Structures are given as C-alpha cells and as structure tokens.
Amino acid sequence: MNEHIIDTTPTQMHVGPVEPNPFPYSLCISAIKDLETVVEVAAQHYFGDDKKWNFIAVTEATKVLVRLILFRNSGYKMLLHGGDTPNIEKHSDFSSSQHNDGGFPRPGSGHGPNGLNPWNLEGRALSALSRFGENARMSSDTVWLRRVQHQQAIMEPPSSKRPTISMILSEKGVQGALFLMGEVLFIIRPLMYVLFIRKYGIRSWIPWFLSLAVDGVGIGFLTQVAKSRDGGKEQHYHLTASEQDELKRRKLLWALYLMRDPFFTKYTRQRLESTEKLLEPVPVIGFLTAKIVELLVGAQTRYTYMSGS
C-alpha cells in the first residue's frame, strides 16, 4: 500500500489549507536521543568525566526546548514516548466527532473527499489507505491505526482551533492546570537531573531524590487527571486511550531508578553480584547469569540516567 501511495500520489497531497511543510519535531527528538550517547562518549574521551556533563546538559536543554515547542504546537497534548510518536488522537472536548470514515471514501463510493474520484490515481491511494485503516481498527492494532490517522491529519484541514493555555485553564479548571504542570514536569525532569549531577556528582543522592520527586509529583498530577474521567459531572479533562497507555508506560519507567547511581552502586549491583556468585556453579545458568550481569552493569553507565526522558 505504501508503494502504491508513493507511486501514484501527485506532488501535492494536501487537499486542504494545512501547513505545507510542518517541522518534523518527532524526528528531531528521535535524532537528539540517538545522538546523546555519541555526545557523551566523545565528550568523555576528549574532556573527561567531569566536563562531559556540560555537553550532556546542552543536549538535554535542546531536547527540552524542542519538546516544549512540540507541546505548544500540538495544542498541549500529552507527548507519547517523549514526543517520538505523534499524538494525533482528537480530544472529544475540543473537536467534533467525524461523520464519515476518517474523511476517506469507502470503496465503491462515487466520490471521495473534495470530490475526488476513487478510481483515479489519487482516489485509489485514498481508498487503499481507507481499507487499511478499517483493517487496522478491526485488529485493534493501535500503532498502525495511529499511522493511518496521522495521514488523515496531514491530508485534511483542521476542524477546530488549536487549544491554548488560557482555553485549557478556563474550560478544564484545576484538572487542566494539573495536566499542564504534570506534562511540563515530565519534559524538564531529565534536564534538572543532569544539571544536579553536574553540580553534585553522579554519586550524590541529591540528583537521584530530586529526579524521583519530580517524577512522582508529575505522575501524581497526571494520575489525578486520569481518575477524574470516572467522576461523572466532575470530569474536566479527558485522556485518550493512547495517553492512558503513555501514563502507564511512565509509571513502569520508575524501575529505572533501581539502575541509577547511587542506588545501583550501593544496592542493586550488590544484589546482582551475589546472585551471580550463587548461580555460578550451575552449568549454563551460571554462565548466562554472568553475561546478563555484565550487560546490565555496562548498560547502567550510559543508558539509565536519560532513559525514558
């Protein structure tokens, strides 16, 4: 289907007054995250362990800036996977429900959106996308469904005005304010963590406890917003299914604090090494345990303090 759309689609796919060349914020965030380890290794090699945190802080600050811009331009929607995945599900509070199958023509219908013939090149591409979207909905494959909805969001004009902070605060009240604060805390938490590591050192408990506290407060705000959806008349803010899954994912990321110094050095590593010694005499299992511990210790030095950020 992808090849069909690429081969048959004209140079101008947009059929409505949408932004012609939106900035790829999700791609930019993914690229920055992929470069973080490279920056750290290069900075450590050329400038040492202490000064490498200056470069890591700059990288984190750049990522925070891009995420805040994305958060604003998306209408203050929750960032899925830290902004890697576009959040294109519409909030029922701010947008009207669609009256057709995502604005795409059903196979066999006379005309598609804006009067497109479904049997010309453009129409066949849209029909293929529509059929694929229907199959994705039937199989409950949310990842592919989001991709189909993302194509729809690109090809159709926006149906409502983008929400602003004042709109959210006035219409959603306390729940809207809690959501905004929780999401901003999630965005700035990695930068705060790195800055305090830069000041107090990786072995200090201050950055660890501060990061845990910021995570706890932010998740607490968002959890309170999620609970409000069951409150009947008290409901002020609605989280989509993708946003509720993202909230669960963020809670699971708390397990990474077991792998972050100084907790890892003082507690987790000792437990891993004692388990390795206990299973060492066992054939095969002892060998595999030693390799797993070796991988965990190696990954801990580079992939835990920024993971989930």
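**Exercise 1. Confidence along the chain**

Among the elements of the protein chain, which helix has the lowest mean pLDDT and which the highest?

*Solution.* The model is predicted. Helix α4 (residues 142-155) has the lowest mean pLDDT, 55, whereas helix α6 (residues 205-227) has the highest, 94. For the protein chain, the mean pLDDT is 78, with 65% of residues at 70 or more. Where pLDDT is low, the predicted coordinates should not be read in detail.

**Exercise 2. The setting of Asp261**

Locate Asp261, classify it as buried or exposed, and identify the partners of its side chain.

*Solution.* Asp261 lies in the loop that runs between α7 (241-252) and α8 (263-279). Its relative accessibility is 10%; because buried means under 20%, Asp261 counts as buried. Its side chain makes a polar contact of 3.2 Å with the side chain of Arg203 and another, of 3.4 Å, with that of Gln300. Leaving out residues up to four places away in sequence, Asp261 touches Arg203 and Gln300, together with Tyr193, Ile202 and Trp208.

**Exercise 3. A nonpolar surface patch**

Determine the place and exposure of Phe287, and name the residues of its surface patch.

*Solution.* Phe287 belongs to helix α9 (residues 285-303). At 55% relative accessibility, Phe287 is exposed, because the cut-off is over 50%.

Definitions and conventions. Residues are numbered from 1 along each chain as its sequence is written. This is a predicted model: local features need pLDDT of at least 70, side-chain atom pairs count only at pLDDT 80 or more; totals for chains, interfaces and linings use all residues. Side-chain values use heavy atoms; hydrogens and water are left out. Helices (H or I, at least four residues) and strands (E, at least two) are DSSP runs, numbered from the N terminus. Buried means under 20% relative accessible area, exposed over 50%, partly exposed in between (1.4 Å probe, protein chains only). A polar contact is a pair of N or O atoms within 3.5 Å; within protein, one must be able to donate a hydrogen and the other to accept it, and residues adjacent in sequence count only if both atoms are side-chain atoms. Contact means heavy atoms within 4.5 Å. pLDDT is the predictor's confidence in each residue, from 0 to 100. Patches are made of residues with over 30% relative accessible area and no salt bridge: like charges are joined within 9 Å, nonpolar side chains (Val, Leu, Ile, Met, Phe, Trp, Tyr) within 5 Å. Accessible areas come from the Shrake-Rupley method with a 1.4 Å probe; for residues, only the protein chains shown count as cover. A salt bridge is a side-chain nitrogen of Lys or Arg within 4 Å of a carboxyl oxygen of Asp or Glu.
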